[in-house]
Amino acid sequence: MIRKIFFILLAVIMLQNAAQAQQKTDQRTVTTRIADLLAQMPAKDAGLLKNNMNDISQLGEEGYITLITGLTAPGKGNNSLLEYAIGGFSGYVTQTGQENLRKMAVAAYCKALPKLTDPQNKSFIISQLELVGKDDAISCLQGFLADPLLADPAGRALVKINTVASKTTLLNALGKANGAAKLSIIEALGDSRFKDAAPAINALAASNDVNTTHVALYALAYIADPSSENVLAAAAEKSGYKYENTNATANYLIYATQLLENGNTALAEQIGKKLLSKTAADEHVSVRTAALKILVAANKEGNQQILLDAAGDKNAVYRAAALKFAVPYVTEASTGAWVKKLGQVDDEAKADIVYMLGESNAKGALPAILKLLKSKNQKVKLSAINAATNIGQEQVLGDLLQVMGKGDATDIAAVSGVIDRMKGNDIPAKVAAAIPAAKPEVQVALINILASRAANTQLNAIYTQMKSKNPQVQQAAYTALSAVVVNGNLPQLFTLLNENSGTQELAVQAAIIAAVNGPGDKTAQVEAVLQQMNTAPENKKLLYYKVLANLGSEQSLKAVSDGYASGNEQTQQAALEALSAWVDGNAAAALIKIARETKNPAFLNTAINGYLRAVKESTAPAEQKLLLLRNAMAVAQSPEQKNQILKATEQAKCFNAIVFAGKYLDDPALQQAAANAVMNITMAGEYNGELVKGLLNKTIAVITGGDSGYQKEGMRKYIAEMKAGAGFVSMFNGTDLTGWKGLVADPIKRSKMDAKTLATEQQKADAKAVDSWKVANGELQFASHGDNLVTAKKYGDFEMLVDWKIIDDKKGEGDAGIYLRGTPQVQIWDNARTKVGAQVGSGGLYNNQVNESKPLKVADNKLDEWNTFRILMKGDRVTVYLNGVLVTDNVILENYWDKNMAIFAEEQVELQAYGAPVAYRDLYIRELPRVKPFELTAQEKKEGYKVLFDGTNMHNWMGNTTDYVIEDGNIAIRPKPGKGSGGNLFTKEEFSDFVYRFEFQLTPGANNGLGIRAP
């Protein structure tokens, strides 16, 4: 719930859940109650929905009619909320225990219908009767059965009522209706399955009107009265048993199916036989197949001969359908007939029957199927291989292994496939036992089977074949290692690694990686690998780097990084390749260090590629990813590398990324990657302002490619739909101090200076600023002496973006900050300064004494690395994101200069100078709409009132100022589920006798109160 409180006068304390309000008679008019009800829709949860439905029921029948008649004709209003309310109530009244409300709804709908003039709205209300109507709705619906526009919804409602009375009403209306209304009634009678309607509709089926015939045949098919058989049969014959506009043949088949469902198997069987006899041509195969299905279903106990005959049919489609129908009917008793059939058909049919027997799991057919493993027809043999496996599973493994031994590549592949899916605990052992005596190509297949089943128990069989004299067998064994080893095999694998070389060495390395990637103690595995690496021959040590890369951990990372730092070129290359393939994003720092320091172009390229991969794998927020990508751009040399970075920038979807990519729109070699980045990042979010609009227009001008036309159109549409407002604007032009000035005293002291004094002091401060603050490489750099640099403009509510970094001067005194509205400060400092509490991280409101001053978590990057703040200042509240991580959450910023004053409504932004070198770049600000502070009238002042809350700050309040927040000039509380009521808010000042005036708004179900002279 949301509770909004507007304070204008003397005060008290606010207490949630103070007391239950006494229930009063609702004095609102029906119109007001309906308006209030619709304002709460759609409901946000089930509880509110139930409240809404109760509110509708409290309107009563007449009130509900008033609500319904509020529906407007299309184009004259939006009915969505009314339709939501009406549809919801219809569903609500059908629930158990709501019969009285259901009757009320039926009465209301029937009385409202004559009051509505638009057919669409009438149709909607009639559809509600489909949900709630019983026999009590029939008389109401009856009147619409002659209406060409409303007969259809009325007919459907009567079908849903589904009583003798509703069906009789439809039948009585049939003779009086014409045109579209008549068609709707015929269809409704069919959907009702009303057999009394069959005679009348039988006559209509012969109509000269195609639409009438079509609907009549449909209705007769679903009514399924025996008297209609001749009518439907004649229509199907007239159509040539083809699908045409009356759908006669399809309806005849539906008719037979309905007869089956109704238990009239004799007539259904008669129809099936008739259709089979008249649809022998291939062009009728679909009808013939459907007829066979009916015939089979009508003779469940005696359909085998029908199916056996169909199984030998020359039409492959018909034969396949027959065998599909046969699957559930094959029994132990009938299996012999199917086996006999195998000897009577050609190989095509034989293969199909064998497949069917396999799907039926016909165990009695297994001996015959096993004989077909020797068939010279490849299709029959392959079908037998699959069927034998389905039926026999592990029982037929020996037979299948014989097929492999004597077969060609196709046989070997087929048998390998079925063994892979075969069930049985002893399969790996039997496969392994067959390897030694098998021919080489079979040995390879069997080894691959052990690999696919991860048969660690048969590892020795793999080891044995690693010594095979056949190169293909040997290579298959080495390749299989990684699929069958587990952590416990590491000692043998370490030995193998030392014994092998070339591709076999790499296969063992892959096996070690697979083993450590499985279950096990990762710390113990790292230690084991490091120990082995330290004792391995020099030419083998490098192979362990990639293993460590797959294990991860700080210990592994240090070992590989140290190897790069101290090794020769070969060692460095192996270490770099490992770092580039690191299992997570934790190698990014090591990779960018290498990229910054290496003189080897190949190493630089590998390092950048690995770094980009690490950034992609990272779970860091978009803002942090962008900082990492900018590190890569700073060292990239080739257009290929820079284009990769710009493409990766699309992962970092934030405003700063748009600006960063936009800087490369004028570079021909990077233009397209930059354009795509600007486009994709911008259009994935909601941005506005001239800066973004300018970059999009520039992108439109330069982007090329096959989809560029659509892309340009999309960007133009985005620009056209941008919200009004300046958006983010630059605070720093990257070249000089335009828009900035030196600091003169504090806001309170400045306010007391006359214009001449202030101008003189400003001149002095500006001279100091020019000496203390330098612009270099697009950065604002503080030279370790001087005072704060401040904006020439004052700001109220705003969102600010700024990159910053502390430059490590080795003195260990890194400290800075950003003053908001001239007030300290969003803290920046070196986390290593634990003696002053800097270990808590940057981004907190350092000078707060009452409200929270420390950040929620540490999110700083290291010294000499860039960080980025996103700062939101609204009212007296500050929210700070550091590198995309929330570190200060809507905390009141206290007035450092005078604790008895609220924070200034408007003042300058300041970059703090604190004696340590610091740099800033990419400063942007977006001014936010501000609430005009509430002011008393002259009369209110005269009467002695004073303002306790002016809509901009909560300086006069204490207590739970965390959960009570300012929204659009109102104090609001949003209790969180499971977190209690939200606590109390108190005035700082105490009062005895008083007059207190305020405005409030409660959401449904809210419960709030005021504490008077609370202790």
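1. **Ground rules.** This is a predicted model, where local features need pLDDT of at least 70, side-chain atom pairs count only at pLDDT 80 or more, and totals for chains, interfaces and linings use all residues. Residues are numbered from 1 along each chain as its sequence is written, and side-chain values use heavy atoms, with hydrogens and water left out.

2. Contact means heavy atoms within 4.5 Å.

3. Helix 29 spans residues 502-517 and helix 30 spans residues 522-535. Helices (H or I, at least four residues) and strands (E, at least two) are DSSP runs, numbered from the N terminus. The two axes come within 10 Å and cross at roughly 155 degrees. Axes are lines fitted to C-alpha atoms, for helices over the stretch in contact; angles run from 0 to 180 degrees between N-to-C directions. Helix 29 and helix 30 are therefore roughly antiparallel to each other (an angle over 145 degrees).

4. Five strands form an open, antiparallel sheet in the order 4-7-14-9-10. Two strands pair if DSSP finds at least two bridges between them. Strand 4 (740-742) and strand 10 (823-829) are the edges, each pairing on one side only. Strand 4 joins strand 7 (residues 789-795) over three bridges. Trp-740 has Thr-791 in strand 7 as its bridge partner. Helix 44 (residues 755-772) packs on the sheet, touching both strand 4 and strand 7. The direction of helix 44 makes about 105 degrees with that of strand 4.

5. **A hairpin.** Strand 12 (residues 877-882) and strand 13 (residues 885-892) run antiparallel, joined by five bridges. Leu-882 stands opposite Val-885. Two residues lie between the strands, and Asn-883 in the turn has a positive phi of about 55 degrees.

6. **The cavity.** A cavity is a set of points on a 1 Å grid over the protein atoms alone where a 1.4 Å probe fits but cannot get out; lining residues have an atom within 4 Å of a point. One cavity of 30 Å³ or more is counted. The largest cavity holds about 50 Å³ of space. Its lining has four nonpolar, two polar and four charged residues, including Ile-806, Asp-830 and Ala-916.

Notes: Angles under 35 degrees count as roughly parallel, over 145 as roughly antiparallel, 65 to 115 as roughly perpendicular and the rest as oblique. On a 1 Å grid over the protein atoms alone, a cavity is a set of points where a 1.4 Å probe fits but cannot get out, and a pocket is an open set with protein on both sides within 12 Å along at least five of seven lines; lining residues have an atom within 4 Å of a point. Grid points are joined across faces, edges and corners, and a volume is the space filled by probe spheres set on the points. Ala, Val, Leu, Ile, Met, Phe, Trp, Tyr, Cys and Pro count as nonpolar, Asp, Glu, Lys and Arg as charged, and the others, Gly among them, as polar.
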